[in-house]
Amino acid sequence: MNVIDIKNFKKSFGKKEVHRNVSFSVQEGECVGLIGGSGAGKSVLLRSLIGLEKPDSGEVFVEGENVAPYTEDQLIEIRKKVAYVFQNGALFDSMTVYENLAYPLREHTQLREEQISKRIHDLLDEFGLTANDHVYPADLSGGMQKRVGLARSIIINPKVVLYDEPTAGLDPFNTVKIQEMILRLKRKGTTSILVTHDMPTAFAVCDRIYLLKNGMVGAEGTIHDLKKDPEGLLSQFISGQGV
Amino acid sequence: MTLAFKFFQIVGEMSQLVRQIWSEVRRKPLYLQLIVEQVLQIGIKSFPLIMIVVGCVGMVMALQFGVSLEKFGGKMYVPKIVSLSIIRELGPVLAGLMMAARVGAGITSEIGSMKVTEQIDAIRALGTSPIKKIIIPRVVGSLIALPILSVMANTVGVYGGLFIGYADLGLDPQFYFQKMISTITVSDYLSGLGKSFFFAFFISVPACYYGLKVTGGTRGVGKATTRSVVTACILIIMSDYFLTKLFLTLEHWISG
């Protein structure tokens with residue numbers, strides 16, 4: 001069953017046509033990588049899945065609902081099911097790590113404060129962030145901020161997680177940590193879309209990869225297909241020749 | 001894009017923001033704790049600045065009028081002139097201008113920074129409304145804080161005049177106080193207070209609007225902050241004439 005379905009997606013910024021006609025789908029429990037050159041519109045596509053951007057035309061289906069024409073009020077329910085992990089964490093800098101993680105729980109659940117506290121501390125342990133609960137985001141390293149951002153996004157158990165370059169600018173240790181977390185969620189059955197330039201991460205976590213080129217899906221394939229076809233567009237892109 | 005087109009575009013977008021605020025302020029949840037936090041923050045942030053400025057203006061006015069009117073034997077009019085000008089006009093206007101500089105700039109730069117670091121998008125992505133979480137507490141907080149600050153500023157301004165009247169002009173404090181009480185009416189006080197609500201609106205709405213419109217990173221935050229303060233100051237000064245006219249008409253109409 002397709003959890004995400006994008007059909008004939010078109011989007012321009014001023015005179016610049018970013019997406020001419022993009023269509024792709026993601027099945028339940030699948031992890032799909034979205035790759036392409038800088039400015040190819042990968043993040044815009046990802047943002048449109050939760051209504052942070054609106055397409056000029058086309059349809060964006062999330063669990064069978066076309067969310068493209070939805071208002072901000074209608075999108076609230078979608079945003080509870082589909083989490084977005086921002087490239088730099090986008091943590092609220094006026095709040096501590098604890099408050100950041102408590103935010104979605106207080107907004108969308110009826111949990112008591114002690115239950116919220118337990119959930120947060122369990123998650124911090126799982127993410128290797130124990131004892132950082134009362135630290136402000138500015139006092140965390142980039143890798144830790146990304147991990148807190150990821151923890152905040154998944155704390156209310158979304159069905160789909162959208163990752164916007166989760167490993168960009170990270171050292172190998174933090175990159176592997178993020179990969180492990182994505183894989184852990186995948187094993188739990190969470191559907192994911194990963195926008196990335198980090199090909200080792202894409203190979204480590206993705207089942208399939210879509211390549212955006214000239215405002216369209218230029219190529220698509222599984223990791224297995226990629227390895228089989230070294231002359232294909234995806235392989236060329238990865239080796240720095242194609243796009 | 002012509003200047004007129006840009007002007008109407010900004011007016012239209014600000015009206016849209018006001019419409020959104022109005023529609024969301026009437027729906028649950030209303031984050032009362034955030035509003036209280038903003039009232040305290042705005043009040044505490046602006047209090048010293050506003051009190052110093054209005055207090056000093058009260059003192060300067062008493063000195064200037066005292067020295068000028070003394071030539072015509074009109075020194076005894078100083079309490080009337082100073083207290084009436086402070087309560088009807090200068091207290092609310094100066095409090096508004098100082099709040100625009102201190103709080104308006106703060107609101108724009110805070111929201112602008114949140115915008116460029118994707119925190120506003122994060123609020124939306126987490127299924128909540130930035131209007132409810134960020135904008136309404138600041139607008140409502142300003143609407144509550146500025147009238148309170150204006151009342152305090154009026155008191156400090158009037159007492160500043162009284163101090164100079166006594167220390168420099170040799171006026172008896174009791175005489176000063178009596179003259180002031182006999183001059184100021186409830187409508188004078190309400191006129192000043194009424195203005196401060198409008199001024200709070202003219203500070204907070206452009207401040208939030210320009211904050212939400214920030215583009216271009218930290219440079220954009222700086223530009224937006226300047227625009228927000230300039231817009232608020234112009235709106236306060238311009239609207240002051242019309243509000244004075246409105247309140248005078250209302251007073252005439254009520255007193256028959």
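**Interface, pockets and backbone features of the A–B complex**

In this predicted model, ten residue pairs, both members at pLDDT 80 or more, are in polar contact between chain B and chain A. Helix 4 of chain B, residues 119-125, supplies six residues to the side of chain B that touches chain A, the largest share. By class, that side of chain B comprises five nonpolar, four polar and five charged residues. In total, 14 residues of chain B contact 20 residues of chain A. The two chains bury about 1600 Å² between them. Carbon and sulfur atoms account for 49% of this area.

Charged pairs also cross the interface. Five salt bridges are found between chain B and chain A. One pair that forms a salt bridge is A:R47 with B:E118. The closest N and O atoms of this pair are 3.7 Å apart.

Empty space was examined next. A probe the size of a water molecule, rolled over the atoms, shows where such space is left. The largest pocket has a volume of about 1200 Å³. Its lining is made up of 38 residues. Closest to the centre of this pocket are A:E72, B:Q20, B:R124, B:P130 and B:I131. Both chains give elements to the lining. From chain A, helix 2 (72-81) and helix 3 (97-108) each give two or more residues. Helix 1 of chain B gives the most, with seven residues. The lining of the largest pocket divides into 17 charged, eleven nonpolar and ten polar residues.

The second largest pocket has a volume of about 720 Å³. It is lined by 25 residues. Nearest its centre lie A:S94, A:M95, B:L34, B:E37 and B:K133. Helix 3 of chain A gives two or more residues to this lining, as do helix 2 (32-70), helix 3, helix 4 and helix 5 of chain B. Helix 2 of chain B contributes the largest share, six residues. The lining of the second largest pocket holds eleven nonpolar, eight charged and six polar residues.

Three cavities of 30 Å³ or more were counted. The largest cavity holds about 110 Å³ of space. Of the 17 residues that line this cavity, A:A83, A:Y84, A:S153, B:A125 and B:L126 are the closest to its centre. Chain A gives two or more residues to the lining from each of helix 2, strand 6 (82-85), helix 3 and helix 5 (142-154). The lining of the largest cavity consists of ten nonpolar, four polar and three charged residues.

Two backbone features complete the description. Most residues other than glycine have a negative phi, and most peptide bonds are trans. The peptide bond from B:K28 to B:P29 is cis, with omega near -5°. B:P29 sits in the loop between helix 1 and helix 2 of chain B. In chain A, A:A90 has a positive phi of about 50°, although this residue is not a glycine. A:A90 lies in the loop that runs between strand 6 and helix 3 of chain A.

Note on methods. Residues numbered from 1 in each chain as written. Chains lettered and ligands numbered in written order. Predicted model: local features only at pLDDT ≥ 70, side-chain atom pairs only at ≥ 80, totals over all residues. Heavy atoms only, no water. Contact = heavy atoms within 4.5 Å. Buried area = accessible area lost by both parts, 1.4 Å probe. Salt bridge = Lys/Arg side-chain N within 4 Å of Asp/Glu carboxyl O. Polar contact = N/O pair within 3.5 Å; in protein donor to acceptor, adjacent residues only side chain to side chain. Helix = DSSP H or I, 4+ residues; strand = E, 2+ residues; numbered from the N terminus. Nonpolar A, V, L, I, M, F, W, Y, C, P; charged D, E, K, R; others polar. 1 Å grid on protein atoms, 1.4 Å probe; cavity = no way out; pocket = protein on both sides within 12 Å on 5 of 7 lines; lining within 4 Å. Points joined across faces, edges and corners; volume = space filled by probe spheres on them.
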